[in-house]
Amino acid sequence: MAEWFAELKSQFVLNFIEGDRWKLLVDGLANTAKITLVAVLIGIALGVVISVIRTSHDKNITKLHGFSKAILKFFNILAQIYLTIIRGTPVVVQLLITYYIIFSTSDNKIGIAILAFGINSGAYVAEIFRSGIMSIDGGQFEAGRAMGLNYGQTMINIIIPQAFKNVLPALANEVIVLFKETSVAGYIAITDLTRAGNMIRGVTFSPFMPLIAVALIYLIVVVVLTKLVSLLERRLRASDH
């Protein structure tokens with residue numbers, strides 16, 4: 001047993017203490033958090049726009065005529081194409097296309113990763129928001145009209161705030177999913193958490209300690225976020241009573 005602890009200690013020193021290699025994990029976690037937080041903001045903004053377009057089309061297309069109907073159909077088709085492409089292809093492929101093809105002349109790897117993950121997240125957030133908007137009683141639209149609000153004002157001031165509250169737990173879970181998905185950012189040479197662990201492994205030729213450390217960090221963050229989501233869900237349920 002003493003020999004096992006001695007070996008474990010030596011492996012810990014080799015992988016994390018020597019050369020201050022633990023700093024790689026700290027920097028990797030910081031990059032992962034940065035990509036996740038900014039990408040989810042982009043995803044929410046994009047998702048709200050797409051969901052409003054799709055729900056507006058479903059609810060109003062039969063009531064419109066002429067130019068307005070054509071414009072709404074056009075944007076709805078664009079939204080459907082976007083959703084089909086993004087949800088039908090792997091996020092790592094989207095990341096590689098964004099980096100090596102669309103922004104091949106740019107050196108801003110973090111920015112490209114944020115954009116790629118944000119666009120990917122937007123497709124899933126759009127469906128989350130669309131379900132939230134569709135769950136709002138139709139009488140809310142009529143109430144908005146009775147108050148003298150037009151369709152857009154009703155959406156912004158009445159429907160979207162209620163839908164946001166309904167889908168907030170699902171959005172929080174999307175943050176968790178996105179946090180884990182950023183583990184592929186290393187494909188474009190970003191030192192995220194996963195790549196940091198792999199870099200340590202490449203130097204020490206000892207895979208166990210750095211990879212287990214990476215897995216534990218992901219696990220701890222996800223457990224904390226999941227706990228926060230559970231608390232949020234309980235608070236929202238309590239506020240409904």
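This is a predicted model: local features need pLDDT of at least 70, side-chain atom pairs count only at pLDDT 80 or more; totals for chains, interfaces and linings use all residues.
The protein has nine helices and zero strands, so I will speak of helices throughout, taking them as DSSP runs numbered from the N terminus.

Overall dimensions first. The C-alpha trace spans about 75 × 50 × 25 Å along its principal axes. The radius of gyration is 23 Å, whereas a compact globule of 241 residues would have one near 18 Å. Of those 241 residues, 37% are buried. The protein exposes about 13,500 Å², and 67% of that comes from carbon and sulfur atoms. As for contacts with a separation of 6 or more, 74% are between residues 24 or more positions apart.

Now helix 3, residues 66-88. Buried in helix 3 are Leu72, Asn76, Ala79, Tyr82, Leu83 and Ile86. These buried residues pack against helix 2, which covers 22-60, and against helix 4 and helix 5.

Next, helix 4, residues 91-102. Here Val91, Gln94, Leu95, Thr98 and Tyr99 are buried. Viewed down the axis of helix 4, they fall within an arc of 120 degrees, and therefore line one face of the helix. What does that set pack against? The buried residues of helix 4 pack against helix 3 and against helix 5, residues 109-134.

Conventions:
Residues are numbered from 1 along each chain as its sequence is written. Side-chain values use heavy atoms; hydrogens and water are left out. Buried means under 20% relative accessible area, exposed over 50%, partly exposed in between (1.4 Å probe, protein chains only). Helices (H or I, at least four residues) and strands (E, at least two) are DSSP runs, numbered from the N terminus. The arc is that of the directions from the helix axis to the C-beta atoms. Contact means heavy atoms within 4.5 Å. The radius of gyration is taken over C-alpha atoms; the globule rule is 2.2 Å times the number of residues to the power 0.38. Accessible areas come from the Shrake-Rupley method with a 1.4 Å probe; for residues, only the protein chains shown count as cover.
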